[in-house]
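Visitor: I'd like a quick tour of this one. Could you walk me through what was computed for it?

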Amino acid sequence: MEWIRQKLDKFKKPFGKGEKLEKYAPAVNAIDTFLYTPNHTTQKGAHVRDAVDLKRVMITVVLSMIPVLIFGMWNTGYQYLSQIQAEVGFWEALGHGASKVVPMIVVSYAVGLGIEFAFAVMRGHEVNEGYLVTGLLIPMIMPVDIPLWMLAVSVVFAVLIGKEAFGGTGMNILNPALTARAFAFFAYPTFMSGNQVWVSEASNVDAVSGETILGSLAAGEQVNYSVMEMFMGYIPGSVAETPTLLILLCGLFLIFTKVGSWRIMLSAFIGAAVMALIFNALNIEGNELTNFPWYQHLLVGGLAFGIVYMATDPVSGAQTTRGKWIYGFLIGLFSIMIRIFNPAYPEGVMMAILLMNVFAPTIDHYVIQANVKRRKKRKEKGINPQIDTAV
Amino acid sequence: MAQEFNNNKPEQNHAEVKEKVSDAKREEMILFLADTEEKEPIFSKENRKLLTDPLNDDNPITVQVLGICSALAITVQLEPAVVMALAVMAVMAASNVIVSLLRNMIPSRIRIIVQLVVVASLVALVDQVLRAYAYDVSRQLSVFIGLIITNCIVMGRLEAFALGNKPWRSFLDGVGNAAGYGLILVIVAFFRELLGSGKLFGYEILGHKGATLAESTGLYALGYENNGFMLLSPMALIVVGVIIWIQRTRNRKLIEA
């Protein structure tokens, strides 16, 4: 460790105060603080004694994503190999998946961090850890067959328009990872939907059935997967969106470490279940998606992944306790509604989360205003207004 | 026709109006007329500013944020955008001159109606000319030529400038603002057509996209794909937003405190 420290200090020398490369200091400092803790302390204002900072939060989220990512790699290989051969070995599948997914991760990080570093140098602020999560999320929610340059363009759009235009990490109104996916979805629809993209190299293999469950339902076809397969995630889909069980376990880890909000997760699942139950009861003719049992609606597609990793984004989500319930519930509600009413957008959860991201500040505003009104009323009645923290 | 009619009228009516006003007001008006009759070169610095300001510092779209609707609707391709810009320029220049000539006779209560009548007749004229000489483009633009009437830039300049300035200055202001509007339109349309359909003015400059990779030429042979998002109107807003971003970074004057 000492050796790395010395090397770093030597490397950092020309970037110090007053040296000629000072302008590029944020880029070098970012590498330093990534390996070591930042050595600056709070100078004024409120001091909070806590071990949690942005870096620890982000690392926790990344840790919780790793198992899902590894499963995604394995599933990518499994979906491909099981179509062309009878027996699929674990390492064989993982190896094939990794050969597809790792380049996506590399492109996502290289392009995204490149832009982040460029903006940090231009604006003279430090690089934040925010992109570590976004950069890993983006490849996980893309179809495996998307060309790498499209991924790169989507990342550029998400980081530039979704994040830097609003002032960088912590200022974005939309979830950057979902912004990237939405961009790719509208820009290159033939690469983001249909039955060719979800299994790697599907276009090269004859007679591959690579349709997602929601896609085949929207096309009015029968589903050939059992509920257990949906729950475990042995189904085609975006790289890491399928393993509902694993995602839920990692969600529990996020809740346990108090990084993700359990209120948002729970209310989103309730909202989705309520909407799916309503449609099950209505049972509209000619739309297979309405007949799809409600509990299976919760298992397929990116619903679980979106709710656990994207809806709980503390920056773009609602902040108030009551607001979180409303925010999550509406995400679930709209996810299923978009899914069923518009078969062209089977991935309703993406639209629902982006929509509610936009409305989150409005929800918070009304929750706070309602609280202000309630306390005012109580004051008029002469009861002590101090004790009420349930915002 | 409308133009001729309006051009002749003000001279006669001017005299009538003058007779009716009281002495104090007459004195004021003489002062006002004397003030403005000072000889000014046609392209003095002030007048040139009228033309160039709307291109950058006072751009109708990126600074005043007017006329956004048409910027969304007709910027998918360059050709309609250019035609639209020219049509708006013709309408704005002419209507600014006409309203400026009429400015002392229009009762302020009904001035909006008068302005609307002037703009509407000019727009009808432009629409007919386009149908006669550029039918295809006119069909592409469809209802948006008619909607120039409601374009906020036109009414905004009539209210803010033509009602208080002489015809020549109003003409320059109209041309300048239409040019500022057209500039943004063309920039947005350039990017939307280039990235959205790989063409410029209908020419496939990025190569031809065939049914398979082998049949494609140019960039498409390398696996390039058109960006379908560029064809949807949200992208026009985003491109305008990026233009505003770049403009404000370069032009510090525009940044609000």
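Visitor: How many residues of chain A are in contact with chain B?

Guide: A contact here means two C-beta atoms, placed from the backbone, within 7 Å. On that basis, the residues of chain B in contact with chain A number eight. For chain A, the count is also eight.

Visitor: Which helix gives the most to the side of chain A that touches chain B?

Guide: Helices are DSSP runs of H or I with at least four residues, strands are runs of E with at least two, and both are numbered from the N terminus. Three residues on that side come from one helix, spanning residues 176-187. That's helix 7 of chain A.

Guide: A word on the source: this is a predicted model, where local features need pLDDT of at least 70 and side-chain atom pairs count only at pLDDT 80 or more, while totals for chains, interfaces and linings use all residues. Residues are numbered from 1 along each chain as its sequence is written, with chains lettered from A and ligands numbered from 1 in the order in which they are written.

Visitor: Is L213(B) buried or exposed, and why?

Guide: Buried takes 20 or more other C-beta atoms within 10 Å of a residue's own, exposed means 12 or fewer, and partly exposed is in between, with C-beta atoms placed from the backbone. L213(B) has 11 such neighbours, so the label is exposed.

Visitor: Where is L213(B) found?

Guide: Leaving aside residues up to four places away in sequence, L213(B) touches A221(B) and G223(B). As for its place in chain B, L213(B) is in the loop between strand 2 (203-204) and helix 11 (233-250).
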